[in-house]
Amino acid sequence: MSRIQQLFKQKQNNVLNIYCTAGYPTLNSTIEVMEALQANGADLIELGIPYSDPLADGPVIQESGGVALQNGMTIKILISQLQQMRKTIHVPVILMGYVNPVLQYGFEKFCKDVAAAGIDGLILPDVPMREFETEYGAITKKYGLDFIFLVTPETSEERIRKIDKLSTGFIYAVSSSSTTGKDKNFNDVEVYLERLKAMNLDNPLLVGFGIKDKATFQSACNYANGAIIGSAYIKALQQNNDVKQATKKFLEEVLQ
Amino acid sequence: MINRTTILGQYKGTFQQPDIFGYYGHFGGAYIPEMLHPNVEELKEQYLKIMYDEGFQTAFRDLLKDYVGRPSPLYHAKRLSEKHNSTIFLKREDLNHTGAHKINNTIGQILLARRLGKHRIIAETGAGQHGVATATVCALMNMQCLVYMGEKDIERQAPNVARMKMLGATVVPATSGSKTLKDATNEAIRDWINNPVDTHYIIGSVVGPHPYPDMVARFQSIISEEIRWQLKEKTGSELPDYVIACVGGGSNAAGTFYHYLEEFSVKLVAVEAAGHGVKTGMSAATTQLGKPGVLHGSKSLVMQTEDGQVVEPHSISAGLDYPGIGPLHAHLYETGRGIFLSATDKEALDAAFELTRLEGIIPALESAHAIAGLNQLKLTPKDTVVICLSGRGDKDMATYMKVMEG
């Protein structure tokens, strides 16, 4: 059983997943940020690999990725940073990125190296389902990495069922059809989350996109096992140079 | 010749349309986040049905004839032929309404968007040619139009920005990343993610997720459809020895090659922009410098760092200044079906002045790259050559004036 699966076995409600960008705010802050997240109550960490063309991300996460790239972050450097990760980080850690840098590193080599460093799962939103089934899925499985797919309000029930079969770990429910960091009226989303909940999927559900504070986190938790916060946390880091302090303050506000 | 045809024989049927998953050989597909899936799936399900519907074809052909001014002439360039020791024909896409081949595709896609029930049109543009062609058909069809354009390109291409605005389009500056075409494309895709129901994205080249490369190639295939019968009228044969086109993303090349893709006796020559020179770090010659990768929703050749970050290309011609290439062209390159050349900024400028002085035609800088390709082929008096003159040079006058001022 993977670390992610163990987490959801122990905790079915109010699971908090926080997104952070590798190499942000400084090149070597990756582990420090994750330690602060863990210390202040994050159940799960989604670590973003910066990319020059992050299609699914809004301005805040794009900008953090741009800074990380300017700081010199690469997959090679990230993997070297991750070698020490499991000495202090005990929560599950998922890498989120785009497929192009992973293909350049070598998909199998990437899976092998990140799994060896203690990474638990991957979110690669531009890997198509068919290519996952025919090519990449066998590789992630070989290295014991969970693979997390996204579903949106526009995803058909048939496709959600198929995604549920292919996913391991959890399913990432995008709360509206949008890039990250967009404010949306949460009520519009409730109908869709209700529908997802009623489908009784095999995988746990985490809601992402538009979750930014205690109120939106709590609403999401009414329908799903938990939620993912990204842009709002990155903004908190932008506004306060002290990673520990910024993280503590941010998570206290969400979890109080 | 026999040898080449035999080798290519194994790829027969792989050029004119991708497989059902959108692949030309190893290239293509639909590498998109789930948020785009419904839009792209709808398009994939509908595009062929709509495009080959009789009513659609009639509307499309009528507009191409009466609005765009097709068929565009196939002109025997006698003095250019003499200079290059062969028989050269120019396919005059520069004479189309709005001054380039881009409008063939925007007419097709706006008709398609209407049939899909969309009300809002978005597009990306680099130099502004595709943006103008999109704004034009949106004015014609009374549809809302947003054109994403890199902040840097907005500064560099003021006349086209003004044309788009006069046509009623909103020009949205792309301020992310390198603030050029690549980023304008990212912003357009993000807009589409945020507006999945009412919006159609008119991509301007044979790039993007399946079915865009195939759809755009089909709309542009009118170019080679006409060349075949025009050439037959003029020479008695539909088949030239060479067909030459410039390639950035590759839409004019796809249209010019299309009805010759499976005619292996016809050599297809694609000319990329070498910029300052292929090895200078200031180039846009994607087949020479790119590696297989994923950009803007499809797998193709992509100019990128060792770490897989997409790099900013360079060309004097904004229309060729793109770090990728359509998956069809990547397949033509990989299989050897296409001959890929490159021309530097200087070679393109020289070719532009050569054509202007020999034939009285001022070409777009993009098309000048195709003309420059002539110097790299060993042509004989027996050879018939068709070059796609994809656009006119009005938009490039500022660059040409700088050259004349020395």
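Modeller: Happy to! Let's start where the chains meet: the contact (heavy atoms within 4.5 Å) takes 33 residues from chain B and 39 residues from chain A. On the chain B side, Glu34(B), Met35(B) and Arg190(B) lose the most area to chain A, together 22% of what that side buries. The area buried between the two chains is about 2,900 Å², meaning the accessible area, with a 1.4 Å probe, that two parts lose on being put together, summed over both. Carbon and sulfur atoms give 51% of that buried area.

A word on the background: this is a predicted model, in which local features need pLDDT of at least 70 and side-chain atom pairs count only at pLDDT 80 or more, while totals for chains, interfaces and linings use all residues. Residues are numbered from 1 along each chain as its sequence is written, chains are lettered from A and ligands numbered from 1 in the order in which they are written, and side-chain values use heavy atoms, leaving out hydrogens and water.

Now to chain B itself. Its secondary structure comes to 17 helices and 14 strands, counted as DSSP runs (helices H or I, at least four residues; strands E, at least two) numbered from the N terminus. Of the 406 residues in chain B, 65% are buried, that is, under 20% relative accessible area with a 1.4 Å probe, protein chains only. The C-alpha atoms of chain B fill a box of roughly 55 × 50 × 50 Å along the principal axes. Among the contacts in chain B with a separation of 6 or more, 74% come from residues 24 or more positions apart.

Technical notes
Buried means under 20% relative accessible area, exposed over 50%, partly exposed in between (1.4 Å probe, protein chains only).
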